[in-house]
Amino acid sequence: MSSFSVNEPSNRTKWFAGSLVILYAIITMIPLVWIALTGFKSPADAISYPPKYIIGSDSEAGFQPTLEGYVNLFTTRTRQTQEFLDANPPENWADEIVRKYDMVIVGPSKFGERFLNSVIIGFGSTFLSVFLGTLAAYAFSRFKIPLADDLLFFILSTRMMPPIAVAIPIFLMFRNLGLSDTHLGMILLYTAVNISLAVWLLKSFIDGIPTEYEEAALIDGYTRFQAFYKVVLPQAATGIASTAIFCLIFAWNEYAFAVLLTTANAQTAPPFIPTIIGIGGLDWPAIAAGVTLFLLPVMIFTILLRKHLLRGITFGAVRK
Amino acid sequence: MAEVQLNGISKAFGKTQAVKDITMTIGDGDFVVLLGPTGAGKTTTLRLISGLEKLDSGSVFIGGRDVVHDTPAQRDVAMVFQQYSLYPHLTVRDNLAFPLRSPILKTPEDEITRKVQEIAEILQIPHKLDNKATALSGGEMQRVSIGRALVRNPSIYLMDEPLSSLDAKLRADLRVELKRIQADLGSTLLYVTHDQIEAMTMATHIGVLEEGQLVQYGTPKEVYENPVSVYVASRLGQPRINILPSNLFPGTHKGPQIGLRPENIQQGDGIEARVLRSEHLGDQTRLHLEVQGHPVTTLTDPHQDVGSDATIKISPQNPLYFDASGARVV
Ligand SMILES: Nc1ncnc2c1ncn2[C@@H]1O[C@H](COP(=O)(O)OP(=O)(O)O)[C@@H](O)[C@H]1O
Ligand SMILES: [Mg+2]
């Protein structure tokens, strides 16, 4: 029986599909694992050949993990004379690590600040895009709006040319408005880019939620807005979660505008990480540490929203 | 509970005139059934009363108050949707409590608990209260959506084919239960269905809808015995009324067509009818006849076995007369 059923694949099919998925996962994971490992190597281990990839082993392919990369990422250091080093014992574990190279830590690097900028701008613009996008999508989905189709097309058309094509007008506009190199400016800019995606994605999700639910809530004594947040929002959770992830990924990774519009104050991590390369030679472990940390927020955010992504759209409570 | 008045209400969707100039009064404590086939405008009528749909013209009074400009919440109506619409993200308990928690009712939690339990027992779902709404069978979902209306004490209950998705036994049980609840509470209830048994058994008044128009409104007995047209006569009675040219029979000439229900067909005397087949339905036995090329369905004594191709004699008794367009003459 079950071999004819569409829903129940045979064991062999399952095994084959499973292996394919695992193989694909391994292939995609290798570069990520490699970057994460490199972040814990010493500069010598990072560029040794044959490569070292076993943590804490004495074998040919083993390396001793170290936090050098992370220390270098978060600090600025200077070389010191032997007398100075002898006279001033290391102040902490991080200082001790850099002493190996006759260096002392003189202060924090810009990385922490840049990372924080990325968090503020990334999550701020994601929140704003999803918030405005949900309201707009609900309105487009449920109300008769004059020229709704044209408006939707207009909203989409803002995505039709590469954003960088408008870089110069935006640059001038930001300068006149005093938005250059500010968090607010970058949040508004990323929201403007993301909002079209958010409206379109969310509209299709909300279109899929039958209006009976809200109508039932209206009759049950709630206002339109209460019906929206008590009944529609919980059911749009899947759409909101996936839209938020898309928006965050764009804002988090955006490079071109960040280079152009931010410098000392609101610079985000993407334009900053390459500058590490310039400071005192190619410090691969520090770059790898920066990249690893940079990847974490989107990953954590996605994992946190996983429940909503996987739950899917609830079927069955409205009779078709 | 309150009286509800519809004054010439109309609603069109594009070219479709869904509801056309309906005027009716649903008396306080009445159980009114709107009967009509799919597309007759039953759902639209309920939506116009509840305020989910805006009137093109006419007015609606609930408890003597013009509610045309009121929101659905302000109209104080409870509605069971044709497509049951339980909130899928809530448990059965929270679904039932939802209207009680509204900003309009703001019921205390202990009273909510009591009412929810009471309704759950009437609808035989107390063991399902903590299930997710999506983890129910179709019949259970429909009972919960009926329950979500019954926990309230509104001006009027509006029910849109609430039993149509249930199996026959549950439908029969709930029919009795619903009628009992309505009679006990003295509720005003407007109930929409295309099922004539529901209409006949529960209604204090039946309104028959034809293409958006209310063609007859009266007690079940009036509508059954005195239908205004072939259309109305065909809505009630099983098997369906037989419409035949009156010149088939001698002595029937008060109109071009006559309507014969089984009780209007006397067997044993009159003109010849050929038996095509008989159907034993358990509670009744139907006889399918042919009279000069016209099919006629009637009932027979279940113990009397009439073989196919037999010939019996029938004659009309107190038939209903209709003109060529189907309107009642006598
Ligand atoms: N929202 C709508 N848009 C367009 N046509 C509609 C809409 N609602 C109902 N109709 C039409 O109005 C007529 C009456 O529908 P309805 O009230 O749902 O009938 P019933 O409930 O008796 O089956 C039908 O022809 C239907 O197609
Ligand atoms: Mg309907």
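Helices here are DSSP runs of H or I with at least four residues, strands are DSSP runs of E with at least two, and both are numbered from the N terminus. The model is a predicted one, in which local features need pLDDT of at least 70 and side-chain atom pairs count only at pLDDT 80 or more, whereas totals for chains, interfaces and linings use all residues. Residues are numbered from 1 along each chain as its sequence is written, chains are lettered from A and ligands numbered from 1 in the order in which they are written, and side-chain values use heavy atoms, with hydrogens and water left out.

**View 1. The nonpolar surface patch of chain A.** The helix that gives the most to this patch is α6(A), with four residues. The patch covers about 620 Å² and is made by F127(A), F131(A), L132(A), L135(A), F225(A) and Y229(A). Two or more of these residues come from each of α6 (111–142) and α11 (224–235) of chain A. A patch is built from residues with over 30% relative accessible area and no salt bridge, where nonpolar side chains (Val, Leu, Ile, Met, Phe, Trp, Tyr) are joined within 5 Å and like charges within 9 Å. A salt bridge is a side-chain nitrogen of Lys or Arg within 4 Å of a carboxyl oxygen of Asp or Glu, and accessible areas come from the Shrake-Rupley method with a 1.4 Å probe, with only the protein chains shown counting as cover for residues.

**View 2. Two residues of helix α11 in chain A.** Y229(A) lies in helix α11, and Y229(A) counts as partly exposed because its relative accessibility is 39%. Q226(A) also has its place in helix α11, but Q226(A) is buried, because its relative accessible area is 18%. For these words, buried means under 20% relative accessible area, exposed means over 50%, and partly exposed lies in between, with a 1.4 Å probe and protein chains only. The side chain of Q226(A) reaches the backbone nitrogen of T223(A) at 2.8 Å.

View 3. Oxygen atoms of ligand 1 are found 2.5 Å from a polar side-chain atom of T44(B), 2.9 Å from a polar side-chain atom of K42(B) and 3.2 Å from a polar backbone atom of A40(B). Taken alone, ligand 1 exposes 560 Å², and the protein buries 61% of that.

**View 4. Two cis peptide bonds.** In chain A, the peptide bond from Y49(A) to P50(A) is cis, with omega near -5°, and P50(A) is in the loop between α2 (43–46) and β1 (54–55). In chain B, the peptide bond from Q238(B) to P239(B) is cis, with omega near -10°, and P239(B) is found in the loop between α9 (230–235) and β11 (242–245).

**View 5. Positive phi in chain B.** Although K106(B) is not a glycine, its phi is positive, at about 45°. K106(B) has its place in the loop between α3 (92–97) and α4 (109–122), and K106(B) counts as exposed because its relative accessibility is 62%.

Terms used. Polar contact = N/O pair within 3.5 Å; in protein donor to acceptor, adjacent residues only side chain to side chain.
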